[in-house]
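Subject: Structure handover

Hi,

Here is the structure we discussed. Please open it alongside this note; my findings follow below.

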Amino acid sequence: MTGQAAEQVAEQVAQQARKPFLYVVVCAAGVADGIGELISLAQERTWEVGVIATPLATGFFDVAAVEARTGRPVRSAWRSPGDPRPFPDPDAVAVAPATFNTVNKWAAGISDTLALGTLCEAYGMGVPISVLPCVSEALTAHPAYRDSLERLRGMGVRFGEHAFGGPEQRGFRWEQALDLLER
């Protein structure tokens, strides 16, 4: 076996040994304080997890606790040129909770935050994406939101049940994000 062939075999073995990597994109909604539940469920299903938060979302959950649980930094800003990539490429992406703003900007192809840029790129990479919307009933009636859902569904994005309400809402079905990726 040549040196190049041996390197290719070693790379294939390393890829097979690595756990699949899940990007969890978190938006600024009251239920975001429960993101640890999704991380735990994903880890139980053998995912490695990296969290990317919208800039405002970092105020909605315990960043230090999430970093301790994942062993990785929570990302909310672009890295500088030349900085190493803190996460490998994703095998899947879960957006939970997903807000009105994020859904509409993503569908429009707007990439003005790391979270949105990640979602736009994930589609282009053919990565499976699940979404758990957390949008008020009044906002779900907006025609732009309905159009955004239609566009994203047409792109193959998988949507779970809508959740309504504020931080007092419990019973947000975090496991749906993973179930949608496994179908």
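T102 touches C27, T54, L116 and L119, leaving aside residues up to four places away in sequence. Contact here means heavy atoms within 4.5 Å. T102 sits in helix α4. T102 is buried, at a relative accessible area of 6%. The classes are buried for under 20% relative accessible area, exposed for over 50%, and partly exposed in between (1.4 Å probe, protein chains only).

Two notes on the source. This is a predicted model, where local features need pLDDT of at least 70 and side-chain atom pairs count only at pLDDT 80 or more, while totals for chains, interfaces and linings use all residues. Residues are numbered from 1 along each chain as its sequence is written, and side-chain values use heavy atoms, with hydrogens and water left out.

Next, the helix pair. Helices (H or I, at least four residues) and strands (E, at least two) are DSSP runs, numbered from the N terminus. The axes of α4 (residues 100-107) and α7 (residues 143-154) come within 9 Å and cross at roughly 55°. Axes are lines fitted to C-alpha atoms, for helices over the stretch in contact, and angles run from 0 to 180 degrees between N-to-C directions. α4 and α7 are therefore oblique to each other. Oblique is what remains after roughly parallel (under 35 degrees), roughly antiparallel (over 145) and roughly perpendicular (65 to 115).

On the α4 side, F100, V103, N104, W106 and A107 take part. They meet A144, Y145, S148, L149, R151 and L152 in α7. By class, that contact has 8 nonpolar, 2 polar and 1 charged residues. Ala, Val, Leu, Ile, Met, Phe, Trp, Tyr, Cys and Pro count as nonpolar, Asp, Glu, Lys and Arg as charged, and the others, Gly among them, as polar.

Now the cores. A nonpolar core is a set of buried Ala, Val, Leu, Ile, Met, Phe, Trp, Tyr and Cys residues joined through side-chain atoms within 4.5 Å. The largest has 31 residues, and L22, I35, L38, V51 and F61 have the most contacts inside it. Elements giving two or more residues to this core include β1 (21-26), α2 (35-44) and β2 (48-53). α2 gives the most, with 5 residues. Another core, of 26 residues, lies apart from it; Y23, C27, A98 and L152 are among its members.

Last, A64. It lies in helix α3 (residues 63-70). A64 is exposed, at a relative accessible area of 53%.

Best wishes
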